[in-house]
Amino acid sequence: MKMADMERIRTGIPGLDEMMNGGLPFPSTVLVAGDTGTGKTTFCMQFLFEGARAGEQGLYFTTFSEPPEWLLKFMSNYAFVDLKCFGREIRYVDLSYAMEAGQDMDQILKTIESDITSFKPKRIVIDPISVFEDILGEDYRRFLFRFATFTKNWQTATIVTGEAKPGAPYPTDLAYIADGVIILYNTEVDRMRKRSLEILKMRGTPHTTGKHAVDISTEKGFVVHPGL
């Protein structure tokens with residue numbers, strides 16, 4: 001298959017799709033990595049709502065013990081959010097109970113697969129997936145590989161988020177299984193914070209390189225400014 005013929009799925013992030021030949025490869029698993037405050041959750045929700053507007057199902061897996069009402073409370077400020085989509089095109093799934101119950105790798109994967117099988121989403125988010133590393137230990141990499149294989153077999157575009165680690169801008173274990181890696185930055189410059197984005201890799205896709213300015217606002221959401 002030629003790159004031009006590869007199916008793409010739009011992210012809903014203004015300025016980003018034009019940087020990677022029209023959107024994310026489909027199906028694929030993409031890592032969105034960055035420190036706290038870089039906009040990972042906003043990025044992911046904007047991605048899901050882009051699908052919802054097109055009538056696509058989306059699954060949002062959270063690994064934090066946070067009621068959906070709290071997520072809705074904070075996200076409802078964004079113009080791209082349509083609250084009617086929650087529970088309809090977009091389903092919220094809390095995985096923290098599986099972690100608190102001490103489920104092993106097979107049990108956690110079974111829980112995830114059950115939701116995917118029943119809801120049949122085109123878009124999936126796990127935010128963040130990196131917390132499973134402490135729980136699964138040596139099984140973590142096998143978990144990531146099996147998860148990525150399963151979601152691609154189901155023909156989905158999947159975004160997983162991970163926190164940057166000391167001395168590294170992204171978690172390497174996650175990059176190992178990902179078809180694409182997008183890094184978000186929130187860098188201090190002259191005593192001010194400036195957000196930016198970098199596409200580190202995107203399999204089968206000619207993409208723009210380097211860091212590019214990012215703005216996040218309630219009116220426009222997460223916006224990339226290529227070339228700035």
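This is a walk through the aromatic rings of the structure and a few of the residues around them. Keep in mind as you look that the model is predicted.

Let's start with the rings themselves. A search of the whole structure turns up eight aromatic pairs. A pair of aromatic rings is described by the distance of the centres and the angle of the planes. Take Tyr-78 and Phe-80 as one example: their ring centres are 5.2 Å apart and their planes meet at 25°, so this pair is stacked. The angle decides the label here, because planes under 30 degrees apart count as stacked. Tyr-78 has a relative accessibility of 15%, so it counts as buried. Phe-80 is buried too, with a relative accessible area of 11%. Both values fall on the buried side because the cut-off is under 20%.

Now turn to Phe-132 and Phe-143, an aromatic pair with 5.0 Å from centre to centre and 50° between the planes, which makes it tilted. This pair links distant parts of the chain. Phe-132 belongs to helix 5 (residues 132–136) and Phe-143 to helix 6 (residues 140–153), with the two residues eleven apart. Phe-132 and Phe-143 are both buried.

You will find Arg-53 in helix 1 (residues 40–53). Is Arg-53 buried or exposed? With a relative accessible area of 52%, Arg-53 is exposed, because the threshold for that label is over 50%. For a sense of spacing, pick out Lys-73, which is 20 residues from Arg-53 along the chain; the C-alpha atoms of the two are separated by 20 Å.

Lys-122 lies over the face of Phe-26, at 5.2 Å from the ring centre. At Phe-47, the charged end of Arg-123 sits over the ring, 4.7 Å from its centre.

Finally, return to helix 6, where Thr-151 is found. Thr-151 has 0% relative accessibility and therefore counts as buried. Which residues is Thr-151 in contact with, leaving aside its neighbours within four places in sequence? They are Thr-29, Ile-116, Ile-124, Thr-156 and Thr-158.

Note on methods:
Residues numbered from 1 in each chain as written. Predicted model: local features only at pLDDT ≥ 70, side-chain atom pairs only at ≥ 80, totals over all residues. Heavy atoms only, no water. Phe/Tyr/Trp six-rings, centres within 6.5 Å; stacked < 30°, edge-to-face > 60°. Buried < 20%, exposed > 50% of the residue type's maximum accessible area, 1.4 Å probe, protein only. Helix = DSSP H or I, 4+ residues; strand = E, 2+ residues; numbered from the N terminus. Lys NZ or Arg CZ within 6 Å of the ring centre and 35° of its normal. Contact = heavy atoms within 4.5 Å.
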